[in-house]
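Please open the structure in the viewer and keep the selection tool at hand.

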Amino acid sequence: AVQEYFRSHVQGFTAGFCGNPESIAVNRPLADAFLASLGTEPFEAQNYDLPVPAVHEAMIVDSNIQFNLLYADYDSLGLDEQDAEVQAVSSVISDLFLIPLLRDQYGVYTPMAGAMTDNGIYLLSYRDPNVKETFQVYSDLPQMMSEMELDQDTLDGYLMSTYVNYAQGAGELTGAYEALLNQLQKEPQDKRLMSMRQLKAMTPESVKAYAEVYQAMVENGVWMTDGGAGAVNANADLYEQILNPFGSVDTSQTELTDAPEGSEHYDAIRFAFENGLMLTAAEDAFGADEPACLGELLGGLTAAIGAGSNDPEEALAFWSQYGLVGADADLSGSLNKAAVGQFMKGFGALIGTELPDLLPELESTQDLTRADLAELLYRLLSE
């Protein structure tokens, strides 16, 4: 299969090699012989009738979090290609706006701003509990950039972190390989030096001028969400097209007879169920008053932090490696408040924060119901 692939593509083949003159002399006849041995078969250009994606699109997946993307190619932004300035501006945007707003305020696990060499620039939220809030931050970004206060000393810190990527030395073979790629891609051989000079010339005003680029990104870019059915459908007005290739079910539309709206634990149970942290005891009932077990706690917490599904066996293997539970623990064992509190104390130490008492209304030795466990997960993630 490999031979057949290369046989039909050998007409466009480029063989590159980096090394000293002696090794080049050895390599060249071997490379020529290899290519000649493949033979050649003529091939015709193919016409592909590919569907055009919507500018605003969502794809539903079985997930309790979202990935929200805003992307635009360089042509749409009036830029030639990725350059050093774009990389530096991406660092400024990430540090001054995306991290404080999306991560610290809205709970996104990792917000990212970046640029791809041959394609365009992007804003991306990784493991995002929200949709509309994130896209609002993206939309507000151009104005925030135009109004930001940025002095040269602060900017120089961002520039230095980008500059070192160009300034660090490369070995002889790495340098030769870079020169080879520059030649093939018709890039100037002093591109690295040009980028370094570009960074040294940047000012706060030149960074603020990129507000126009990001405004063009907001107006002309592609908006995309991958996420759970409930979150996507709740924000359906944002999209021209919603895809559901895996037939995921919108659990927000499932009514639970033992957790009607207005009941004591309604918000917590809906949160745990709709976010995939806990399963229902029956098709139309949560099992709110049934006893909770260790497997449900471990599974719910695993799903909550994005470390896996709420499968008890997998969750036990995950948490036991951190010493928070024994590898042979009884997953069907009941939970009382004291035991759960001890586990959550260890979990808090693991993530570097002291967690408050999330179930103050329960007595220390009182066993948790499934509704109590839903409350714990809800309070943990909302408080």
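Begin with α6 and α8, whose crossing is left-handed (the near helix is turned anticlockwise from the far one by less than a right angle). This is a predicted model, in which local features need pLDDT of at least 70 and side-chain atom pairs count only at pLDDT 80 or more, while totals for chains, interfaces and linings use all residues. Residues are numbered from 1 along each chain as its sequence is written, and side-chain values use heavy atoms, with hydrogens and water left out.

Select residues 152–167 for α6 and 191–200 for α8: their axes come within 9 Å and cross at roughly 165°. Axes here are lines fitted to C-alpha atoms over the stretch in contact, with angles from 0 to 180 degrees between N-to-C directions. The helices (DSSP runs of H or I, at least four residues, numbered from the N terminus) are therefore roughly antiparallel, a term for angles over 145 degrees.

Next, select L123. Setting aside neighbours within four places in sequence, its contacts (heavy atoms within 4.5 Å) include N68, I93, Y138 and M217.

L123 also belongs to the largest nonpolar core, of 48 residues, where I93, I121, L123, M145 and Y214 touch the most other members. Such a core joins buried Ala, Val, Leu, Ile, Met, Phe, Trp, Tyr and Cys residues through side-chain atoms within 4.5 Å.

Finally, select E264, in the loop between β6 (241–243) and α12 (266–274); strands are DSSP runs of E, at least two residues. The C-alpha atoms of E264 and T40 are separated by 74 Å.

Notes
Angles under 35 degrees count as roughly parallel, over 145 as roughly antiparallel, 65 to 115 as roughly perpendicular and the rest as oblique. Buried means under 20% relative accessible area, exposed over 50%, partly exposed in between (1.4 Å probe, protein chains only).
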